[in-house]
Amino acid sequence: MNSTSIFLLCLIIGATLITILYVFYLYHKVGKIKISKKNVEDISGYIKEGAMAFLKREFKVIIPFIVAVALFLTILGFIPIFKTVEGIGWEGAIAFIVGASFSGLAGYIGMLSATKANARTTDAAHNSGMSSALRVAFSGGAVLGLSVVGLGLLGIAVLFLVFYYVYLGLGSTDITALAQASHVLTGYGLGCSMIALFDRVGGGIYTKAADVGADIVGKIEENIPEDDPRNPATIADNVGDNVGDVAGMGSDLCESHVGSIISCITLGILLVRKAVDSGSELNPSLIIFPLLIAGVGVIASLLSVVFIRLKEWKDPQKTLNIATYISTGLVAIATIILSLVYLKNGLAIGAVASGLVSGILVGKIAEYYTSSDFKGVKEVAKESETGDATNVISGLGLGMKSTLLTILALTGGIVISYLFLGNYGIGLAAVGMLSVAGATISVDAYGPISDNAGGIAAMAKLEPEVREITDKLDAVGNTTAAIGKGFCIGSATFTSLALFLSYSDAAKLFDNLGNANLNVLLPEVIVGLLLGAMLPYLFSSLVIGAVGRAANQMVIEVRRQFEEHPLILKGEEKPDYTRCVDISTKASLREMIFPGIVAVISPILVGFVLGEEGLGGMLIGALSSAIMLAIFMANAGGAWDNAKKYIEQGHFGGPGSKAHKAAITGDTVGDPLKDTAGPTMDILIKLMSVISLIMAPVFTAIPSLWELLINLF
């Protein structure tokens with residue numbers, strides 16, 4: 001690399017360090033806000049205690065696993081056949097540990113901030129009104145958003161620079177050292193993926209087990225309001241918002257953010273190596289450019305957070321939209337300058353812009369299908385008047401229909417980015433979409449904080465005026481959550497496709513001219529496609545079943561407390577919240593193991609049995625199936641949730657009506673879809689893509705079982 005590239009990498013590292021410093025400043029500012037009401041602080045303490053208990057138990061499971069995988073990667077590095085495998089050896093093991101540590105740390109910081117900001121948002125609504133409460137909730141969410149992108153990019157930039165010099169010192173040529181350093185980054189991506197798997201699956205099971213259990217007994221059987229302090233599961237429900245929608249969502253987008261950058265670097269190295277082989281001088285600009293876009297995105301997200309905090313805002317939806325638009329606009333402007341000045345052509349502008357626009361479109365489509373401001377949710381609410389079945393049927397139909405516009409937006413972005421810069425353009429589109437992840441996560445994490453704030457206001461029995469403010473914040477939070485899930489789905493599509501292209505190169509599925517060799521008419525590819533299309537359904541079944549079993553335990557426990565302690569429902573005896581928190585914690589940690597094994601083992605088994613072509617087919621099949629399922633489940637669940645809330649606002653009979661009870665059933669059905677199974681589809685396809693990329697050289701070096709059988713017969 002030339003001195004300019006080294007200087008730019010150092011600037012990127014500096015940008016991430018500034019962002020991380022601001023994270024700790026913001027965290028300190030939120031924590032310094034005094035809580036004036038003792039009962040509000042006490043309830044927040046229960047939520048924080050439950051969230052931290054979950055994380056501590058989860059880390060006890062994760063840390064030995066991370067150590068074991070790191071040792072395994074190190075040992076594999078001494079086996080000759082694995083010498084050329086990406087992310088293997090002591091270098092990959094170090095990167096793996098750093099990736100897992102940074103991803104886990106980002107989620108931990110975000111969780112701490114969220115559990116501090118929830119009560120302070122409630123207190124601000126009580127003492128100062130909407131503007132102050134909005135400011136606190138957004139600040140709490142921004143801690144997670146900036147932590148994820150700051151730590152994620154810091155790890156990539158530092159590891160890439162350090163190992164470039166390590167390999168250069170060991171005698172590698174410049175281009176070879178760049179390629180070897182990028183291979184190490186694959187281990188970093190694997191570490192982020194592993195944490196994302198545990199956080200998304202475990203957190204999703206936790207939150208929906210509590211939510212479903214609380215709704216079935218509290219709302220349907222006992223007809224008590226949501227977040228009523230008499231409900232033993234209400235604390236577990238609020239804890240779940242943090243472990244599922246804060247830590248889980250943060251780790252999900254951290255994995256996408258990191259994966260998009262790594263895959264784009266890999267595709268850039270492929271182009272640079274071809275140029276060098278044809279006699280051109282080494283020009284690392286295509287390799288550094290995705291890091292520059294990500295760095296600009298981190299700073300743009302930081303500036304958008306600073307801008308929002310500088311002013312007093314009254315309209316939550318407008319405020320959050322402005323944060324997203326500021327970061328998107330800044331990235332777009334910087335892309336134009338960097339493309340013309342650094343790359344010396346404007347082709348990258350179109351590729352990055354296609355990713356930015358696709359991300360916004362997918363979010364807006366999700367809002368259209370899940371917000372009560374539009375006809376879809378209102379139709380689901382109206383169908384509730386005739387009972388549970390019509391509510392569920394209407395929600396299913398709406399979720400399925402929502403796949404059309406979403407896929408058109410994503411495929412449009414893929415086609416446009418490819419037309420500008422080929423496969424590298426698709427990688428840039430993924431980086432472009434995720435360059436604003438800091439702002440997007442900040443907006444999304446605002447949702448569970450405001451939801452918690454509303455729950456705390458209800459449990460603390462604050463004045464109706466306070467609940468009106470927190471309800472308005474929460475209503476916007478439901479929309480941002482749906483938009484955030486859409487963004488997760490869209491980013492997972494682009495990231496997985498970019499990783500698949502990197503896998504195709506590593507597995508030699510391109511010829512010397514760059515044309516694809518993957519023939520879908522080959523029987524092993526067809527079998528791989530079918531197996532891949534099946535896997536998301538199997539994975540969804542496992543996590544939905546886990547929610548059902550955990551929710552069943554929760555229902556039994558809440559019923560037991562009501563039966564054995566009748567004074568609870570009269571408000572004269574305090575429920576045993578701890579028991580319900582413990583049920584969700586144990587169930588989520590127990591149930592997340594087997595789905596995780598399925599996600600890790602599937603691509604390895606298919607690769608050994610069907611070879612690199614069959615595995616390529618499996619990845620395409622899984623991507624196609626998982627994205628459709630994720631869109632359907634997220635939007636159907638969001639529509640059911642907001643249809644219930646629309647009725648609770650007084651429409652179609654209001655709370656307690658027949659329509660309301662039917663809407664609660666729909667919401668309960670949708671809960672594990674939108675908050676557990678749907679989000680885990682993103683993790684599934686990205687993790688399988690990373691593992692396939694790591695193992696590709698092995699599958700090309702040895703004959704598959706399919707090849708042996710063909711030769712035998």
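A salt bridge is a side-chain nitrogen of Lys or Arg within 4 Å of a carboxyl oxygen of Asp or Glu. The model here is predicted, so local features need pLDDT of at least 70 and side-chain atom pairs count only at pLDDT 80 or more, while totals for chains, interfaces and linings use all residues. Residues are numbered from 1 along each chain as its sequence is written, and side-chain values use heavy atoms, with hydrogens and water left out.

**View 1. Asp582 and Arg579 pair up within one helix.** Their side chains meet in a salt bridge, 3.9 Å from N to O. Both sit in helix H15 (residues 577-591), and because they are 3 residues apart, about one helical turn separates them. Helices (H or I, at least four residues) and strands (E, at least two) are DSSP runs, numbered from the N terminus. Asp582 is buried at 17% relative accessibility, whereas Arg579 is partly exposed at 37%. Here buried means under 20% relative accessible area, exposed over 50%, and partly exposed in between (1.4 Å probe, protein chains only).

**View 2. Glu221 reaches Arg559 on another helix.** In this salt bridge the closest N and O atoms are 2.4 Å apart. Glu221 belongs to helix H5 (residues 174-221) and Arg559 to helix H14 (residues 523-564), so the pair ties together parts that are 338 residues apart in sequence. Glu221 is partly exposed, with a relative accessible area of 37%, and Arg559 is partly exposed at 35%.

**View 3. Lys382 meets Glu385.** What joins their side chains? A salt bridge does, at 3.6 Å from N to O. Lys382 is partly exposed at 49% relative accessible area, and Glu385 is partly exposed at 36%.

View 4. Salt bridges link a group of residues including Lys208, Asp211, Asp641 and Lys644. Other members include Lys645, Asp667 and Lys674. A search of the whole structure finds 22 salt bridges.

**View 5. Leu623 sits in helix H16.** This helix covers residues 593-648. Is Leu623 buried or exposed? Leu623 is buried, with a relative accessible area of 13%. Leu623 and Asp682 are 59 residues apart in sequence, and their C-alpha atoms are 9.1 Å apart in space.

**View 6. Stepping back to the whole protein.** The protein has 18 helices and 0 strands. Buried residues make up 64% of its 713 residues. Along its principal axes, the C-alpha trace spans about 80 × 65 × 45 Å.
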